[in-house]
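Here is a protein model to explore together. Have a look at it first, and then we'll walk through some of its parts.

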Amino acid sequence: MSVTRITTAFVLAFAAALLLAGCDNGKAPTYQGWIEAELIFVGPDEAGRVETLAVREGDQVALRAPLFTVDADLQQADVAMQEAAVKNAQQAYDRALQLLKTQTGTQKALDDAEATLRTAQARLNSSQTRLVRRQVFSPVAGPVEQIYFRAGEMVPAGKPVVALLPPGNLKVRFFVNEATLPKLKIGDPIAVSCDGCGAPITAKISFISRSSEFTPPVIYSMDERSKLVFLIEARTETPERLRVGQPVSVALRPEQ
């Protein structure tokens, strides 16, 4: 199972358990949920072979810490070519300027030479940027959740080499029934409990789905409307106590 996806069976199991949840002796209703991650995928701008890999799965990386490098032979060759183009354009500009000063050249020839020089300099800047970006650094601070390519392997352009998980990118997901939905709003607090977590973890609702789901699948009718459920997401300020894919129990406030 991917750390970023929950299988359909997993979701349906939680949603089915939701239908059995309710108040018990006046206590706040509880709902079954799970922890999901929003991973940050980091890959190269252009295809190439991974030369070095500076991290391993589970490592904690700081912002701007080196992650990996990709071979830069083509980019280095392009930089050399653009440097030669700038040198030639500079010589052409200097010559056109000198000719204008001696009144044997024209202003148009100087303007054309200047435009060519500016274009060559811009292309050189672009090539140098492409070369620098063959060294990839972490855009966020957090643990390395997964590595998809190792040193020596070819990676296509845009494909992730490393997946990072900033602590704030963990969220609680659970379903509530149709009758409970009107009582909830963004920012409402909830209590999240799990095996081995100790005291309940406080979180706040950050997302309420606008579309419903059936669980289990049924024919839509007024008699079956109680089986409609809506996805709710919440975030906590103490995500370090939670793990991706972890099953949890969610308790709403008593007045909900």
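## Before we start

This is a predicted model, so local features need pLDDT of at least 70 and side-chain atom pairs count only at pLDDT 80 or more, while totals for chains, interfaces and linings use all residues. Residues are numbered from 1 along each chain as its sequence is written, and side-chain values use heavy atoms, with hydrogens and water left out.

Let's begin with strands. Strands of a sheet pair through backbone hydrogen bonds, either parallel or antiparallel. Here, strands (E, at least two residues) and helices (H or I, at least four) are DSSP runs, numbered from the N terminus. Two strands count as paired if DSSP finds at least two bridges between them.

In what order do the strands of the open sheet of four stand? The order is β6-β5-β3-β8, and the pairing is antiparallel. β6 (135–137) and β8 sit at the edges with a single partner strand each, so one side of each has no neighbour in the sheet.

Now zoom in on β3, residues 48–53. Two bridges join β3 to β8 (residues 154–155), and these strands run antiparallel.

## One disulfide

A disulfide is a covalent bond between the sulfur atoms of two cysteines. In practice, the search looks for a pair of cysteine sulfur atoms within 2.5 Å. Searching the whole structure turns up one disulfide.

Which cysteines form the disulfide? They are C194 and C197, with sulfur atoms 1.4 Å apart. The torsion about their S-S bond is about -55°, so this disulfide is left-handed. C194 and C197 are both buried, where buried means under 20% relative accessible area, exposed means over 50%, and partly exposed is in between (1.4 Å probe, protein chains only).

## Salt bridges

Next come the charged pairs. A salt bridge is a side-chain nitrogen of Lys or Arg within 4 Å of a carboxyl oxygen of Asp or Glu. The structure holds twelve of them.

Take R150 and E57, whose closest N and O atoms are 3.8 Å apart. R150 is in the loop between β7 (142–147) and β8, and E57 is in the loop between β3 and β4 (60–61), so the pair ties together parts that are 93 residues apart in sequence. R150 counts as partly exposed because its relative accessibility is 41%. E57, at 43%, counts as partly exposed too.

Now try E233 and K171, which meet in a salt bridge at 3.3 Å, N to O. E233 is in strand β13 (residues 228–236) and K171 is in strand β10 (residues 170–177), so this pair ties together parts 62 residues apart in sequence. Are E233 and K171 buried or exposed? E233 has 8% relative accessibility, so it counts as buried. K171, also with 8%, counts as buried.

E233 forms a salt bridge with R173 as well, the closest N and O atoms being 2.9 Å apart. R173 in β10 and E233 in β13 are 60 residues apart, so to speak distant parts of the chain linked by the pair. R173 and E233 are both buried. A network of salt bridges links E36, E38, K171, R173, E233 and R235.

## Two pockets

Rolling a probe the size of a water molecule over the atoms shows where empty space is left. On a 1 Å grid over the protein atoms alone, a pocket is an open set of points where a 1.4 Å probe fits, with protein on both sides within 12 Å along at least five of seven lines; lining residues have an atom within 4 Å of a point. Grid points are joined across faces, edges and corners, and a volume is the space filled by probe spheres set on the points.

The largest pocket has a volume of about 280 Å³. Its lining includes Q60, E145 and R243. The second largest pocket has a volume of about 210 Å³. β6 gives the most to its lining, with three residues.
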